[in-house]
Amino acid sequence: MKVKLCCLFFLLMVGFTVNAQLNSYHYKREIKDIKGIWNQIIIPPAVYSKVKDLNSELRIFGITPKQDTIEAPYLLKINEDKTEVTEIPFTRFNETSAGEQHFITFQIPTNQLINLIDLDFKNQNFDWEVRLEGRLLQGTWLTIIENYRILSIHNENTEYHFTTINFPPVHFEEYRLMIKSKEKPELESASIQLEKRIPGDYQEFAFKNKIISSKPDLHQTVLLLNNDLPVPVSLIKIFAAQKFDFSRPILIEYLKDSVKTPKGWIKQYEVFSTGTFNSTNNPQFHFTNVVTNEIKVTISNGNNTPLQIDSVTVSGNTSSLITRITEPAKYFIAYGKENGASVHYDIEEFINRIPDSLQIVSIGNEEIIVKAVGINDDALFKNKAWLWVLMGAIILVLGWFSLKMIKNI
């Protein structure tokens, strides 16, 4: 009898909890075209405007043919770039000079491809042209890359260096680096690598209302970029109209929050990235996905002529949910719950068992979850009347079972 009573109490509490969970979410989207156990759902950009943290404010629910509510596990995956780096051992020798040409030779004892040489010089404030060559077995030197610029800037406003040589994968037993410089380069260390980049999945967003203003008194060029809704941003490309060489400090910030005061709204920005905007490498800035609808870019011109910005592109990595569907039901994602708790499912411990190729399923339009009249988010927990009703029901059930047990004695 006690076991039956405990089971009944447990079932009552489970049903109570599930209903409360469903009632605490604001939106849902139906998951369509489910055909197998493992499925991948690409999160639409519009969802980000309704949640602050995907892992705590989103769930996957299913409604079975018997109208039972079940929950499906998922993994949140951000489809960002991945880089595999292999360090290649080498021997450095034959450091010679002939006029303004300085040579450094590297020998690689293993049969390895390389595509990157990273150099660290003791010299500061230089702008050098380099040529990289590879030697064939017959002794002939072939040019891999030439007229490649490396530079270093150290002053009170800037500390920047670009001394990494990138080139298509090649294989030679010896490599010769020629540096053209009036002063002798003092190479402190070098690193030779094979860098394999696995590109992620990006989505470009049309940020509008691009305000480009120049502040001569502050020697700054400021760009303000806006989007209608918050979206995930992780890549910004900035293209200058100037064709001459330049190197300027840059600060990229995103709008994190706005506070209303008697004097109006005050915007709170957080730093995306700091660095140098220059003409020697690709004008792109990577960072971890951040959800925002406004970006501010500040370029410090110093005593130089302000730069004219030709165009700016803003992109972000897509995010997806990898879910395991094991029971027949009508499934949907529910989101928009305030103060939700992060989830942990068993499938996180067995990631290596998830298939590499997953079916991407489509999802429907956003629907508002209709709540019971008079019941707000977490009302069953916050409203004392509901608690008294629940306690009364439990007391009645306990009293009934107690009387039945007394009669049977």
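## A lysine to start with

Does Lys256 count as buried or exposed? Lys256 counts as exposed, at 56% relative accessibility. Here, buried means under 20% relative accessible area, exposed means over 50%, and partly exposed is whatever falls in between (1.4 Å probe, protein chains only).

A word on the model before going on. It is a predicted one, where local features need pLDDT of at least 70 and side-chain atom pairs count only at pLDDT 80 or more, while totals for chains, interfaces and linings use all residues. Residues are numbered from 1 along each chain as its sequence is written, and side-chain values use heavy atoms, with hydrogens and water left out.

## The chain as a whole

You'll find 26 strands and 3 helices in the chain; these are DSSP runs numbered from the N terminus, with helices being H or I over at least four residues and strands being E over at least two. Of the 409 residues, 36% are buried.

Take the contacts (heavy atoms within 4.5 Å) between residues at least 6 apart in sequence: 77% of them join residues at least 24 apart. The chain exposes about 24500 Å², and carbon and sulfur atoms supply 53% of that. The areas come from the Shrake-Rupley method with a 1.4 Å probe; for residues, only the protein chains shown count as cover.

## Salt bridges between strands

Side chains of opposite charge can pair when their charged atoms come close. The rule used here asks for a side-chain nitrogen of Lys or Arg within 4 Å of a carboxyl oxygen of Asp or Glu, and it gives a count of 13 salt bridges.

Back to Lys256: its salt-bridge partner is Glu270, with the closest N and O atoms 4.0 Å apart. Lys256 sits in strand β19 and Glu270 in strand β20 (residues 264-278), 14 residues apart. Glu270 is partly exposed at 34% relative accessibility.

Glu253 and Lys296 also meet in a salt bridge, at 3.9 Å from N to O. Glu253 lies in strand β19 (residues 247-261) and Lys296 in strand β21 (residues 284-300), so the pair ties together parts 43 residues apart in sequence. Glu253 is buried, with a relative accessible area of 13%, whereas Lys296 is partly exposed at 24%.

## A loop-to-loop pair and a network

Lys50 and Glu366 form a salt bridge with their closest N and O atoms 2.6 Å apart. Lys50 is in the loop between β2 (38-42) and β3 (58-63), Glu366 in the loop between β25 (359-361) and β26 (367-368), and 316 residues separate the two. Lys50 is partly exposed at 29% relative accessible area, and Glu366 is partly exposed at 30%.

Finally, Asp127, Arg149 and Asp245 are linked in a network of salt bridges.
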